[in-house]
Amino acid sequence: MKTKLFLLLFVLSQFVFAQEMALVRKDDLYGYINKQGAWVVQPQYTKARSFSEGLAGVLMNGKWGFINAKGEWKIQPAYEDVNDFNSGLCLVAKDKKWFYINDKGEAVNMPPSEKYYDFEDGIAFVKRGKIGIINTAGESVVQPTYDAIKPFENGFARVKMNERWGIIDKTGKQVVEAVYDDIGDYHRGSAWAKMGTQLGMVVNNKFTALDGVEKIWDFGGEDLTYASKNKKIGFIDLQGKWVIEPKFDKARSFSGNLAPVFVGTKWGYVDRSGSFVVQPKFNDAEVFSADGLAPVKEEQWGFINDKGEMVIPAQYDISVALGFLAPSKNQKGFKNGMARVKLNKKWGFIDTKGTVLANQWYDNAEAFSK
């Protein structure tokens, strides 16, 4: 019996630490709510950050420390500034110096760098004249040889060397030679690139110019992206072939089988054949989320389903959640069943049926994280 009770308590404790929470501000103080809208940590901090890897930076008596999902101090407040945990490490500032700590608050020695960068997925940049990459053990993955390295996306990063751009993987191998004047994200062996005045596609490290193309946007994990020709927008595939001829005035990326496009003065949605599924009638429109809803704007923002039906009335403001100090990567609209919305100058969350979470509104609210 005692064993079963212990296991139950262990499971419950793991649930507490695993649950998503949102940083919200009420009456000028920050606290955290769960996805049921209940306070997990009461508002008591003058500044705070969202949870990352089970820890959140909070300011108490002029110093930053870290709490766990129960609101207990995991790392006592001792720092002038903090970032977020990633890969088990976090950048903190003390005595006007930045350094890394682990989740026990212990300082972690890393190679010297002219500037310190956050870890992400087990690696961080290091700068000694040029820029390289280290792992969480402080070992060199890529020697400092590049003028610039953009953040990794799906395991690949754009790098600049001798005023030319290429792409590397996380081992430092150049999957696209650094010979281009500009380059886009890398997806399934393809990337857009610019060589001199020509725009085109690099496929399996071979460049092919696309006649008359003026701009190509990043693929963003999709197999189609939008591009402009003769000042009109269409969609190309990973080989650079036109799948939808350029005929729109503006566009955004496909998500699933639909993409927002702008014609004349209104936004609508087309399928992968270029046919309108939702006729242009909105003042603005964003991509569909995995929850099957897309934000659209009339006078205010609401949400439609993939048939174009307004399932949540257009009465809100929306924006990408910004976080306390740095922009979040979260998309507009729904993520994991919740959307951050603003009504009457207050922020809150709605579910996919339009129900306001716990019928509560806050001075500010950030995206759910854990």
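## Polar contact, defined

A polar contact is a pair of N or O atoms within 3.5 Å; within protein, one must be able to donate a hydrogen and the other to accept it. By that rule, the side chains of Arg 158 and Asp 218 are joined at 2.7 Å. The model is predicted.

## Arg 158

Arg 158 sits in strand E15, residues 156-161. Its relative accessible area is 15%. The cut-off for buried is under 20%, so Arg 158 counts as buried.

Besides the contact with Asp 218, the Arg 158 side chain reaches the backbone oxygen of Ile 183 at 3.2 Å.

## Asp 363

Asp 363 belongs to a loop. The loop runs between strand E36 (346-350) and strand E37 (364-369). Relative accessibility is 22% for Asp 363, so this residue counts as partly exposed.

The Asp 363 side chain makes a polar contact of 2.5 Å with the side chain of Lys 346. The Asp 363 side chain also reaches the backbone nitrogen of Asp 27, at 2.8 Å. With neighbours within four places in sequence left aside, Asp 363 touches Arg 25, Lys 26, Asp 27, Asp 28, Lys 346 and Trp 347.

## Asp 363 and Ala 191

Asp 363 and Ala 191 are 172 residues apart in sequence. In space, C-alpha to C-alpha, Asp 363 and Ala 191 are 42 Å apart.

How values were computed:
Residues numbered from 1 in each chain as written. Predicted model: local features only at pLDDT ≥ 70, side-chain atom pairs only at ≥ 80, totals over all residues. Heavy atoms only, no water. Helix = DSSP H or I, 4+ residues; strand = E, 2+ residues; numbered from the N terminus. Buried < 20%, exposed > 50% of the residue type's maximum accessible area, 1.4 Å probe, protein only. Contact = heavy atoms within 4.5 Å.
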